[in-house]
Amino acid sequence: MNNKKIYIIGSGGFAKEVYFLIKEIGNYQFVGFIDIDVKEDVCFKEGTFKVLSESEFLENNKPINVNLALGIGNPKITNKIIEKFKKFEFPNLIHPSVVGDFGNIKFGVGNIITAGVIFTTGIQVGNFNIFNLSTTIGHDAIIGDYNVINPTVNISGGVEIGDNNLIGVGATILQYKKIGNNSIVGASSLVTTNVEDNTTVVGVPAKLMNKRI
């Protein structure tokens, strides 16, 4: 048992889902939420938890005392937020139902892996990625940092995904395709060709909608 104290960065809807994930794992003592400013307490049936401002948290907590978890599902801002808390430990939070050949999978830190996710084998995962409900990741996939992969996404074998991407609900990325950096794949899209940096693609098959700045 770990039983180390843990806070969640963020206090919105996804932060509540991360709280549920922490409860399901059961190895941490959940303390509260952190946001830019003090906000209303977050209430659950089993208790009410404080939302601390970033400054209040940093003033009163030392890295050796607590763990942190990412509770914000927006790749545009997560890397900036993490930079403020870089001295703290961010464990990988993996739901007990997750399946994978973990002896042949490499993880960085701070990844959020929710219920029903399936990893196969030979996979490399960077830092601070979110794998939402019932996503599948095929053999030899390589996934960078700060990606938000929404529920029921299917990532085929040999796919490479860069950094700061948002993959919409139910999207499918075919084998050995590459997703660059800072891009969006629309919900239910089918990626059959490589996706360049700073682009948005949607549809079946996925087509370029716009070039993002």
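1. Contact here means heavy atoms within 4.5 Å. By that test, and leaving aside neighbours within four places in sequence, Asn-147 is in contact with Phe-128, Asn-129, Ile-130, Ile-161, Gly-162, Asp-163, Asn-164 and Asn-165.

2. A word on the basis. This is a predicted model: local features need pLDDT of at least 70, side-chain atom pairs count only at pLDDT 80 or more, and totals for chains, interfaces and linings use all residues. Residues are numbered from 1 along each chain as its sequence is written, and side-chain values use heavy atoms, with hydrogens and water left out.

3. Asn-147 lies in the loop between strand E13 (142–143) and strand E14 (148–149). Helices (H or I, at least four residues) and strands (E, at least two) are DSSP runs, numbered from the N terminus. Asn-147 counts as buried, at 0% relative accessibility. The classes are these: buried is under 20% relative accessible area, exposed is over 50%, and partly exposed is in between (1.4 Å probe, protein chains only).

4. Asn-132 also sits in a loop, between strand E11 (130–131) and strand E12 (136–137). Asn-132 counts as buried because its relative accessibility is 7%. Residues up to four places away in sequence aside, Asn-132 touches Phe-14, Glu-17, Thr-114, Val-117, Ile-149, Asn-150 and Pro-151.

5. Now the sheet. It is open, has 5 strands in the order E3-E4-E2-E1-E5, and its pairing is mixed. Two strands pair if DSSP finds at least two bridges between them. Strand E3 (39–44) and strand E5 (66–70) are the edge strands, each pairing on one side only. On average, neighbouring strands of this sheet are turned by 35° against each other, direction ignored. Axes are lines fitted to C-alpha atoms, for helices over the stretch in contact, and angles run from 0 to 180 degrees between N-to-C directions.

6. Take one pair in detail. Strands E2 (residues 28–35) and E4 (residues 47–53) run parallel and are joined by 3 bridges. Asp-35 has Ser-53 as its bridge partner in E4. Helix H1 (residues 13–25) packs on the sheet and touches E1, E2, E3, E4 and E5. The direction of H1 makes about 170° with that of E2.

7. Lys-5 belongs to strand E1 (residues 4–9). Lys-5 is partly exposed, because its relative accessible area is 41%. Apart from neighbours within four places in sequence, its contacts are Gln-29, Val-31, Asn-65, Val-66 and Asn-67. Lys-106 is 101 residues from Lys-5 along the chain, and their C-alpha atoms are separated by 25 Å.
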